Amino acid sequence: MFAAENGLRGDPRLQGISKAIRVVPDFPIPGIMFQDITTLLLDHKAFKDTVDIFVDRYRDMGISVVAANVNVGIEARGFVFGPSIALAIGAKFVPLRKPNKLPGEVISEAYVLEYGTDRLEMHVGAIEPGERALVIDDLVATGGTLSAAVRLLERMGAEVVECACVVGLPEGQRRLDGKPLYILVEPRLSVNY
Amino acid sequence: MASADVKAQDPRIAGISSAIRVIPDFPKPGIMFQDITTLLLDTKAFRDTIDLFVERYKDKNISVVAGIEARGFIFGPPIALAIGAKFVPMRKPKKLPGEVISEEYSLEYGKDVMEMHVGAVQAGERALIVDDLVATGGTLSAAIRLLERVGVHVVECACVIELPELKGRERLGEKPLFVLVS
């Protein structure tokens, strides 16, 4: 669901967030209008508003784990939002990473790319069965990596309450197997910087 | 030095230090890997870590927090948000879209490259560089050079952990380094 349809219609913060995201054409490959959130991170108000909107939504949901996803091809952007949300709602932060980055014992889950597959890993023991979890990423497209994150958390016995992204295509919902998906803004389609 | 002052006086340091897990022989035999992911599972210790940095930097007129991929992205943004600064990711090659500037740096064996977006920072801005750990100081030095090339004043480098035997502090020369745990 989009934030604007779920209590935040007309909220001026959403416009500021959308405008702060830069569109880079033909990255990483021709034909892709890349939604670059680094410009959002340069806009202190828009960055703070992004975190605040998520925090306001999740602080009273009894969430004890925030897990941040790696994104296809260009990982670690979910790390930028997840820890701030976790700190504000009093939850643990759990990074989900590409293979061989996490030391110690891990579990891993495969996910499908446009060409081929990759794997997502999480530490064994990071979460306990019964914990309520939120998965965060900056952008959802097909939902493949979010689905893999959900499977990892559920294999460790967590209850995934919701998946949250700054930018998302509504079509992504189909790949999330009934898990709620909360999105702040739609992708921008034209170059704005 | 700053880190000794913090250790002697601040009761939060003990909890932060004990929350960090050491994994032997990762990523290769002989290395004792300092794993901060266990710190992130300890809500008090993680909160204290950020608070200690924010307390130090909030009145220093810092407008830029630069975080080094990837674990610098975990600590940098909460600090930036709390002190009212921008967050600028310093990344490995080809991950940042659009126009970048690059800086090469030495590894134990070979070289690597760090990139920053053109236009992310302005000449004259005051910056803090954040990473989870300083070892040889190679990546911090590259980040300092990248920012200084575009006219930014790097006020300090801040890390959760220092490995003093690898002499990163000396490699940074005159640039101050602040750490919580050594």
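Visitor: In what order do the elements of chain A run from the N terminus on?
Guide: The order in chain A is α-β-β-α-α-β-α-β-β-β-β-α-β-β, starting at the N terminus. This is a predicted model.

Visitor: How many helices and strands is that for chain A?
Guide: Chain A has 5 helices and 9 strands. Its radius of gyration is 16 Å, close to the 16 Å that the globule rule gives for 193 residues, so chain A is as compact as a globular protein of that length.

Visitor: What box do the C-alpha atoms of chain A fill?
Guide: Roughly 45 × 40 × 30 Å, taken along the principal axes.

Visitor: And what share of the residues in chain A is buried?
Guide: Buried residues are 58% of the 193 in chain A. As for contacts between residues at least 6 apart in the sequence of chain A, 67% of them join residues at least 24 apart.

Visitor: Now chain B. How many helices and strands there?
Guide: Chain B comes to 7 helices and 9 strands. The radius of gyration of chain B is 16 Å, close to the 16 Å from the globule rule for 182 residues, so chain B too is as compact as a globular protein of its length. The C-alpha trace of chain B spans about 40 × 40 × 30 Å along its principal axes.

Visitor: What are the buried share and the contact share for chain B?
Guide: Of the 182 residues in chain B, 56% are buried. Of the contacts in chain B with a separation of 6 or more, 59% come from residues 24 or more positions apart.

Visitor: Which three residues supply more of the area that chain A buries than any other three?
Guide: Leu42(A), Leu87(A) and Pro103(A), which supply 22% of the area that chain A buries against chain B.

Visitor: How many salt bridges between chain A and chain B?
Guide: The count there is 0.

Visitor: Take Gln35(A). Buried or exposed?
Guide: Gln35(A) counts as buried, at 6% relative accessibility. Gln35(A) lies in strand 2 of chain A.

Visitor: What lies 3.2 Å from a polar atom of the side chain of Gln35(A)?
Guide: The backbone oxygen of Met33(A). Beyond the neighbours within four places in sequence, Gln35(A) is in contact with several residues, including Ile21(A), Arg22(A), Val23(A), Leu139(A) and Val167(A). Pro187(A) and Arg188(A) are also among the contacts of Gln35(A).

Visitor: Back to salt bridges. What does the count come to over all chains?
Guide: It comes to 27.

Visitor: Which residue meets Arg59(A) in a salt bridge?
Guide: Asp56(A), at 3.1 Å from N to O. Arg59(A) is partly exposed, with a relative accessible area of 42%, and Asp56(A) is partly exposed at 46% relative accessibility.

Visitor: And in chain B, what does Glu69(B) form a salt bridge with?
Guide: Lys95(B), with the closest N and O atoms 2.9 Å apart. That pair links distant parts of the chain, 26 residues apart: Glu69(B) is in the loop between strand 3 (64-68) and helix 5 (72-83), and Lys95(B) in the loop between strand 4 (86-90) and strand 5 (100-106). Glu69(B) counts as buried at 15% relative accessibility.

Visitor: How about Lys86(B) and Glu125(B), buried or exposed?
Guide: Both Lys86(B) and Glu125(B) are buried. Their side chains meet in a salt bridge of 2.7 Å, N to O. Lys86(B) lies in strand 4 of chain B and Glu125(B) in the loop between strand 6 (111-117) and strand 7 (126-134), so the pair ties together parts that are 39 residues apart in sequence.

Visitor: Which residues do salt bridges with shared partners join into one network?
Guide: Glu109(A), Arg151(A) and Arg155(A).

Methods. Residues are numbered from 1 along each chain as its sequence is written. Chains are lettered from A and ligands numbered from 1 in the order in which they are written. This is a predicted model: local features need pLDDT of at least 70, side-chain atom pairs count only at pLDDT 80 or more; totals for chains, interfaces and linings use all residues. Side-chain values use heavy atoms; hydrogens and water are left out. Buried area is the accessible area (1.4 Å probe) that two parts lose on being put together, summed over both. A salt bridge is a side-chain nitrogen of Lys or Arg within 4 Å of a carboxyl oxygen of Asp or Glu. Helices (H or I, at least four residues) and strands (E, at least two) are DSSP runs, numbered from the N terminus. The radius of gyration is taken over C-alpha atoms; the globule rule is 2.2 Å times the number of residues to the power 0.38. Buried means under 20% relative accessible area, exposed over 50%, partly exposed in between (1.4 Å probe, protein chains only). Contact means heavy atoms within 4.5 Å. A polar contact is a pair of N or O atoms within 3.5 Å; within protein, one must be able to donate a hydrogen and the other to accept it, and residues adjacent in sequence count only if both atoms are side-chain atoms.
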